[in-house]
Amino acid sequence: MRLLIVNPYASGVSEERIETVAQALGNVEVLRTEHRGHATELTREGRGADAIYVLSGDGVFNEVLNGIDAETPVGFLPGGGANVLSRALGLPRDPVRAAERVAFGKTRRISLGRVNGRRFGFAAGIGIDAEAVRRHDARGRSPERGRAGNAMFAWDMARLLAARRGRFEPALEIKGRGRAAFALVANTDPYTYAGPVPIRVAPRARFELGLDLVAPRAVAPLALPRLLGYLVLGRGQAGVRDVVYGHDLDRIEVIADEPMPLQVDGEDLGDVTSAIFEAERGAALVLI
């Protein structure tokens, strides 16, 4: 038995696209999601299948990760806007070509992250990026195009930086590592994409390892260009005094001074005053 879980509301999904992807995979049962969290339910019911494929964006990819077991192969076919997870795994950006690739059955075992009980595939954060996710979500979704694209997300982040005048004071405590303005936790490199540009928050992060932590101790306007340069170039942030950088970690505990937004894989989890990030090593078997 092989299953294809589809988010019919994703921006890159249509009935024609579903049909061509299913043909490329060959002999699959198509299951459409109907509400938030439905993909997690379908995945749990499908555990033990020969393979589970997912045609969606990163939100439903995340739901599947929260339902999958360690032995059922899962393939992530890009059907959304950013498609960070499938891109980070090296799959083609065209879903039909990606389906043709994963149909061969080549697998890769990867680690996953978990924060406050919720799994994530590529990134999670408390503070600035989660606040940007929230602003992005406030734009809403359309039945035709789904969520606004990642170029618009970059614009929302720029507006957030402008609203803060490029200044972020220490607002949380990272247990055993000191104070920081916000915390970004990566399960791989890149952390995300701004259109075609990879954002390399944690350049040493790898799917096969534990979690990487990047947490500026504070951000001032004059330091902002340097910090942004780290993210585009992917070097420098691991060895400077004003950034907390942890590599291949199993556990990160964060205590916020007051409630701060938390995100996983671009999904808003609401405000929290504490967050425990943990690595689940070898937790998923992905098709590549």
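The model is predicted, and the protein in it has 8 helices and 18 strands. For its 288 residues, a compact globule would have a radius of gyration near 19 Å, and the 18 Å found for the protein agrees with that expectation. Buried residues account for 53% of the 288 residues.

**Overall shape, surface and charge**

- Along the principal axes, the C-alpha trace of the protein extends over about 55 × 35 × 30 Å.
- The protein exposes about 12,600 Å², and 51% of that area is supplied by carbon and sulfur atoms.
- When contacts between residues at least 6 apart in sequence are considered, 70% of them join residues at least 24 apart.

- Helix α6, which covers residues 128-137, has 7 of its 10 residues buried, so it is largely enclosed by the rest of the structure.
- The buried residues of α6 are Ile 128, Asp 129, Ala 130, Glu 131, Ala 132, Val 133 and His 136, a list in which Asp 129 and Glu 131 belong to the residue types counted as negative.
- In helix α5, residues 95-102, the buried positions are Pro 95, Ala 98, Ala 99 and Val 102. Seen down the axis of α5, these buried residues fall within an arc of 100 degrees, so they line one face of the helix.
- The packing partners of the buried residues of α5 are helix α1 (15-25) and the strands β3 (51-56), β4 (74-78) and β18.

- Asp 189 is joined to Pro 190 by a cis peptide bond, with omega at about 10 degrees, and Pro 190 is found in the loop between β12 (183-186) and β13 (192-194).
- Asp 248 has a positive phi of about 55 degrees although it is not a glycine. This residue lies in strand β16, residues 243-249, and at a relative accessible area of 28% Asp 248 is partly exposed.
- Asp 265 also is not a glycine, and its phi is positive, near 50 degrees. Asp 265 lies in the loop between β17 (251-264) and β18 (267-287), and it counts as buried because its relative accessibility is 3%, which is under the 20% limit for that class.

- Asn 62 has its place in helix α3, residues 58-65, and is buried, with a relative accessible area of 0%.
- Asn 7 lies in the loop between β1 (2-6) and α1, and a relative accessible area of 15% places Asn 7 among the buried residues. Apart from its neighbours within four places in sequence, Asn 7 is in contact with Val 13, Thr 33, Leu 55, Ser 56 and Val 60.
- Ser 111 belongs to strand β5, residues 107-115, and is buried, with a relative accessible area of 1%. Not counting residues up to four places away in sequence, Ser 111 touches Asn 187, Phe 207, Glu 208, Leu 209, Glu 280, Arg 281, Gly 282 and Ala 283.

**Pairs separated along the chain**

- Ser 111 and Thr 188 are 77 residues apart along the chain, and their C-alpha atoms are separated by 9.4 Å.
- Gly 90 has its place in the loop between α4 (84-88) and α5, and at 43% relative accessibility Gly 90 counts as partly exposed.
- Although Gly 90 and Ile 288 are 198 residues apart in sequence, the distance between them in space is 7.3 Å, C-alpha to C-alpha.

Key
Residues numbered from 1 in each chain as written. Predicted model: local features only at pLDDT ≥ 70, side-chain atom pairs only at ≥ 80, totals over all residues. Heavy atoms only, no water. Helix = DSSP H or I, 4+ residues; strand = E, 2+ residues; numbered from the N terminus. Buried < 20%, exposed > 50% of the residue type's maximum accessible area, 1.4 Å probe, protein only. Rg over C-alpha atoms; globule rule 2.2 N^0.38 Å. Contact = heavy atoms within 4.5 Å. Areas by Shrake-Rupley, 256 points an atom, 1.4 Å probe, with all protein chains shown as cover. Arc of directions from axis to C-beta.
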